[in-house]
Amino acid sequence: MLTFTDNRVVRLFNIQYPIIQGGMVWASGWQLASAVSNAGGLGLIGAGSMYPSVLEEHIRKCRAATTKPFGVNIPLMYPDVPALLEIIIREKVPIVFTSAGNPALYTQTLQSHGIKVVHVVSSSHFARKAAMAGCDAVVAEGFEAGGHNGREETTSLVLTPIVRETVTIPVIAAGGIASGNQMLAAFALGAEGVQVGTRFVCTPEASSHAAFKQAVIEAPEGGTQLMLKKLAPVRLLKNPFFYQVQEAENKGASKEELEQLLGRARAKSGMFEGNLETGELEIGQVSAQIKSIQPAADIVLELLQTFEQTLQQLSASYLAK
Ligand code: NDP
């Protein structure tokens, strides 16, 4: 019987299962976050694509839809961070995940309001910084992950144990995790929880456009690539816009030229409005493995069942009777 009572991530967030739904721009609003929290995991509202008033609305709707803990993810490179944090504090959100920025900036302030703070890192260097800033846990996000990503291209298989060795706070593995087998592998590497993003895009509860969800399901192996390293590395699904970026990068485009090519609201156009031609489509490598749209609660259950089955099979195969 699977039990997580001794698990530090479960205790930190006061949840049932150490499965965190990643905060994703244009995908994870209150519907997805509350569905995952109701299923016993931790749902995160992705504030990166929200104006402050929109975030406030999502927090209130999430609270009305679940009595369980939920959190907000804030990418620190996005606009209006102080205003978003003010709302989080005012609305008494219990958990904040910060990413893409310096954890020293806001961790103490949030914690002084009783908020648990987790920072997303792509290297042991940033994990150490997060621990020094007093974060309650870190998400070690590997090269496989969708959206913004580390420059060093360290895979989850390598990053998770390195971060585990570097810090004593709980490590939550992310990047390339869409099944219970992958969750078990992350635990074998020292993670005490997993953050799952891409898999939760393919749910009825995700606010992503239906055309984008379909494109994710159809994505082949090798269908994504890390781009825009001169700006901020981001893993994109290969569509006509991707090839435009690739061509520009092959020709040695400058940061300014890439900024100009990116323009404004590309991510919204692609992932929220379903423009698969000229929009920016951020998704993880593991999209190649996903074949269906399923309710978020079913995904949580499937992760747990496969985790347990594989654990039992491995024990039966390799442990002496
Ligand atoms: P853009 O900067 O292109 O445009 C802003 C988008 O975010 C719009 O779609 C806007 O919605 C929405 N938005 C939500 N909240 C706010 C807010 N508080 N203020 C302004 N706009 C808001 O968006 P991206 O998501 O592509 O990029 C966001 C950040 O990431 C920027 O700082 C950008 O420089 C940086 N970045 C992004 C890269 C990428 O690959 N996307 C690469 C490198 C850097 P609406 O249309 O409804 O106004």
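A polar contact here is a pair of N or O atoms within 3.5 Å; within protein, one must be able to donate a hydrogen and the other to accept it, and residues adjacent in sequence count only if both atoms are side-chain atoms. With that in hand, look at Asp80: an N or O atom in its side chain sits 2.8 Å from a nitrogen atom of the ligand. Tyr51 brings a polar side-chain atom to 2.4 Å from a ligand oxygen, and a polar backbone atom of Met50 is 3.3 Å from a ligand nitrogen.

This is a predicted model, where local features need pLDDT of at least 70 and side-chain atom pairs pLDDT 80 or more, while totals for chains, interfaces and linings use all residues. Residues are numbered from 1 along each chain, and side-chain values use heavy atoms, without hydrogens and water.

Zooming out, 21 residues surround the ligand (a heavy atom within 4 Å), and Tyr51, Asp80, Ala265, Lys268 and Glu280 are the closest.

Now for the helices (DSSP runs of H or I, at least four residues, numbered from the N terminus). H8 (residues 180–188) packs against H14 (residues 296–318) at about 65 degrees, axes 7 Å apart; axes are lines fitted to C-alpha atoms over the stretch in contact, with angles from 0 to 180 degrees between N-to-C directions.

Notes: Helix = DSSP H or I, 4+ residues; strand = E, 2+ residues; numbered from the N terminus.
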